Amino acid sequence: MNVILLGPPGAGKGTQAEGIVKEFGLVHISTGDMLRAAVKNQTEMGLKAQEYMTAGALVPDEVVIGIVRDRIAEPDVADKGFLLDGFPRTVNQAEELDKVLSSMDKSIDAVINIVVADEELLSRLTGRRICKSCQKPYHVMFKPPKADGVCDDCGGELYQRADDTVETVKNRLDVYHNQTAPLIGYYKNQGVLVDIDGTKTVGEVFTDIENALKAKV
Ligand code: ADP
Ligand code: ADP
Ligand code: ZN
């Protein structure tokens with residue numbers, strides 16, 4: 001099964017990804033995580049991506065399409081199927097993905113569209129903390145770790161992303177509405193879109209996604 005997690009920044013894509021890949025045996029592919037790793041390691045791609053990410057803008061399509069194309073060609077993804085998180089983010093990226101998949105004789109089985117209003121996204125993102133080691137997301141109010149500043153799963157140190165500030169989050173929400181939201185219509189036309197109410201609790205959202213995906217397999 002090949003699945004896309006769609007939704008604005010802060011909708012809960014990263015939070016839900018862990019349980020979904022476990023339950024359905026998929027490979028989690030997060031372009032945001034891959035880009036942050038490239039920035040941290042100061043690779044050529046990381047150096048190119050950094051300024052866009054800091055500003056809350058999208059990294060150019062050719063860069064991200066390249067990473068995703070390489071990743072989905074690897075054998076683990078071919079065997080298990082993928083959960084794409086944070087990609088595609090533009091109609092151009094979606095069209096390129098369709099081309100790559102059809103050349104591999106594959107297709108998208110479901111697009112899970114997690115719906116949350118902007119006001120709530122702002123407080124989710126400004127309170128978000130991420131594990132430095134395993135990238136698991138937490139929230140100071142809504143999902144605090146058991147011990148302050150420490151990841152429950154791996155003991156890693158929690159940090160605040162440089163782009164989770166009020167100003168940058170506002171930019172990212174604008175970018176979402178202008179460039180990413182059109183994908184809702186794109187995938188609705190393909191008959192694969194499922195809307196999920198992302199304002200429920202983490203557990204309830206997971207159950208809704210699980211049921212939607214079980215109906216597809
Ligand atoms: P995304 O990957 O879509 O940007 P995250 O999964 O990182 O979103 O979640 C954004 C923030 O909101 C995190 O701090 C996370 O702990 C919190 N969060 C996620 N899902 C919920 C939920 N259902 N209710 C409340 N807070 C949530
Ligand atoms: P969010 O938690 O907002 O969903 P991500 O971790 O997915 O954020 O992405 C963080 C940043 O990485 C984005 O603001 C953007 O600069 C860059 N990025 C991630 N995925 C893509 C993509 N598919 N296309 C362009 N830029 C991307
Ligand atoms: Zn961790």
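The model is a predicted one.

Polar contacts to ligand 2 involve both side chains and backbone. A polar side-chain atom of Lys13 is placed 3.2 Å from an oxygen atom of the ligand. For Arg128, a polar side-chain atom lies 3.1 Å from an oxygen atom of ligand 2. Gly86 uses its backbone instead: an N or O atom there lies 2.9 Å from a nitrogen atom of ligand 2. On its own, ligand 2 has 550 Å² of accessible area, and the protein covers 96% of it.

Ligand 1 is surrounded by 19 residues. The closest are Gly10, Lys13, Thr15, Arg128 and Tyr138. By class, this shell divides into 7 nonpolar, 7 polar and 5 charged residues.

A polar backbone atom of Gly14 is 2.9 Å from an oxygen atom of the ligand. In the side chain of Thr15, an N or O atom is 2.6 Å from an oxygen atom of ligand 1. The side chain of Arg124 places an N or O atom 3.4 Å from a nitrogen atom of ligand 1. Taken alone, ligand 1 exposes 560 Å², of which the protein buries 93%. Helix H1 (13–24) and strand E6 are the elements that give two or more residues to the shell around ligand 1.

The zinc ion is ligand 3. Its protein donors are the SG atoms of Cys131, Cys134, Cys151 and Cys154, lying 2.3 Å from the ion. Angles among the 4 donor atoms run from 97 to 117°, and the site is tetrahedral. The donor residues follow the spacing C-x2-C-x16-C-x2-C in sequence. Cys134 and Cys151 link distant parts of the chain, 17 residues apart. Cys134 sits in the loop between strand E5 (128–131) and strand E6 (137–139). Cys151 sits in the loop between E6 and strand E7 (158–159).

These two cysteines fall into separate accessibility classes. Cys134 counts as partly exposed because its relative accessibility is 35%, which lies between the limits of 20% and 50%. Cys151 has a relative accessibility of 3% and therefore counts as buried, a class that requires a value under 20%.

Notes:
Residues are numbered from 1 along each chain as its sequence is written. Chains are lettered from A and ligands numbered from 1 in the order in which they are written. This is a predicted model: local features need pLDDT of at least 70, side-chain atom pairs count only at pLDDT 80 or more; totals for chains, interfaces and linings use all residues. Side-chain values use heavy atoms; hydrogens and water are left out. A polar contact is a pair of N or O atoms within 3.5 Å; within protein, one must be able to donate a hydrogen and the other to accept it, and residues adjacent in sequence count only if both atoms are side-chain atoms. Accessible areas come from the Shrake-Rupley method with a 1.4 Å probe; for residues, only the protein chains shown count as cover. Donors are N, O and S atoms within 2.8 Å of the metal (3.2 Å for Na, K and Ca); water is not among the atoms, so sites may look incomplete. Four donors count as tetrahedral if all angles lie between 85 and 135 degrees; four count as square planar and six as octahedral if opposite donors are over 155 degrees apart and all others between 65 and 115; anything else is irregular. Helices (H or I, at least four residues) and strands (E, at least two) are DSSP runs, numbered from the N terminus. Buried means under 20% relative accessible area, exposed over 50%, partly exposed in between (1.4 Å probe, protein chains only). A residue is near a molecule or strand if one of its heavy atoms lies within 4 Å of it. Ala, Val, Leu, Ile, Met, Phe, Trp, Tyr, Cys and Pro count as nonpolar, Asp, Glu, Lys and Arg as charged, and the others, Gly among them, as polar.
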